[in-house]
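Hi,

Here is the structure I promised to pass on. Have a look at it first, and then read my notes below.

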Amino acid sequence: MVSKRVILSEEQIQQRVRELAEQIDRDYENKTPILVGVLNGVFRFIADLTSYLTIPAQFDFVRISSYGKSSESSGRIRLTKDVELDLTGRHVLVIEDIVDSGLTLDWLVKNLKDRGAASIKTCVLIDKPERRECAVTLDYLGFLIEEGFLVGYGLDYAEEYRYLNAIYHLEL
């Protein structure tokens, strides 16, 4: 039987997302960054984050898979949708819902650097270092959660639970 318990309420999430937007506004003042969201899980986070931003920004998305229908990363990175905007000389902010092993974010940052971006920073809603396999820099961090499988607010298990407004620990 699957059960879940609230880890972060909708109110906690929205408060922290507003704070992240304020930081990003300050750091990117007088710039127009390209926000690169990592689909599918980021859709809620990037929508809320950008609703609080006051700076101009452009948007693009990538879809990268390393999980499939499992609760653990396969370690194999598959890019199934690439950015379409030219990143040359641009300030890029990668928006990710969750980082655990770090493999996907590490791969993506290296891939985007190779395209000539002026700068690349990361904004991550949840850092879950319990399964970290490589060091990654998280420039803007929403929450540090030590352990457990999380769902809700865009996070899924086998494509389920993304619709939940809070974040839950899923007990399988």
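To start with something you can check in your viewer: is Ala-158 buried, exposed or partly exposed? Keep in mind that this is a predicted model. Ala-158 turns out to be partly exposed, because its relative accessible area is 30%, which sits between the 20% limit for buried and the 50% limit for exposed.

I picked that residue for its backbone. Most residues other than glycine have a negative phi. Ala-158 is not a glycine, yet its phi is positive, at about 50 degrees. You will find Ala-158 in the loop between strand E8 (149-151) and strand E9 (167-171). Glu-159 sits in the loop between E8 and E9 as well, and this residue, again not a glycine, has a positive phi of about 70 degrees. With a relative accessibility of 48%, Glu-159 counts as partly exposed.

There is another backbone feature to look at. Most peptide bonds are trans. The one from Leu-39 to Asn-40 is cis, with omega near 5 degrees. Asn-40 belongs to the loop between strand E2 (34-39) and helix H2 (43-52).

Next, a serine. Ser-101 is located in the loop that runs between strand E5 (91-99) and helix H3 (103-113). Its relative accessibility is 5%, so Ser-101 counts as buried, the cut-off being under 20%. A polar atom of the Ser-101 side chain lies 3.2 Å from the backbone nitrogen of Leu-103.

H3 also turns up in the pocket I wanted to show you. How much space lies in the second largest pocket? The answer is about 150 Å³. H3 gives the largest share of its lining, with five residues, and both H3 and strand E6 (119-127) supply at least two residues each. If you want to select the lining of this pocket, here is the list:

- Leu-105, Asp-106, Val-109, Lys-110 and Lys-113
- Ile-120 and Thr-122
- Ala-135, Val-136, Thr-137 and Asp-139

By class, the lining of the second largest pocket is made up of five nonpolar, four charged and two polar residues. Among the lining residues are Lys-110, Lys-113, Asp-106 and Asp-139, in case you want to colour the pocket by residue class.

That is what I have for now.

Cheers

Methods: Residues numbered from 1 in each chain as written. Predicted model: local features only at pLDDT ≥ 70, side-chain atom pairs only at ≥ 80, totals over all residues. Heavy atoms only, no water. Helix = DSSP H or I, 4+ residues; strand = E, 2+ residues; numbered from the N terminus. Buried < 20%, exposed > 50% of the residue type's maximum accessible area, 1.4 Å probe, protein only. Polar contact = N/O pair within 3.5 Å; in protein donor to acceptor, adjacent residues only side chain to side chain. 1 Å grid on protein atoms, 1.4 Å probe; cavity = no way out; pocket = protein on both sides within 12 Å on 5 of 7 lines; lining within 4 Å. Points joined across faces, edges and corners; volume = space filled by probe spheres on them. Nonpolar A, V, L, I, M, F, W, Y, C, P; charged D, E, K, R; others polar.
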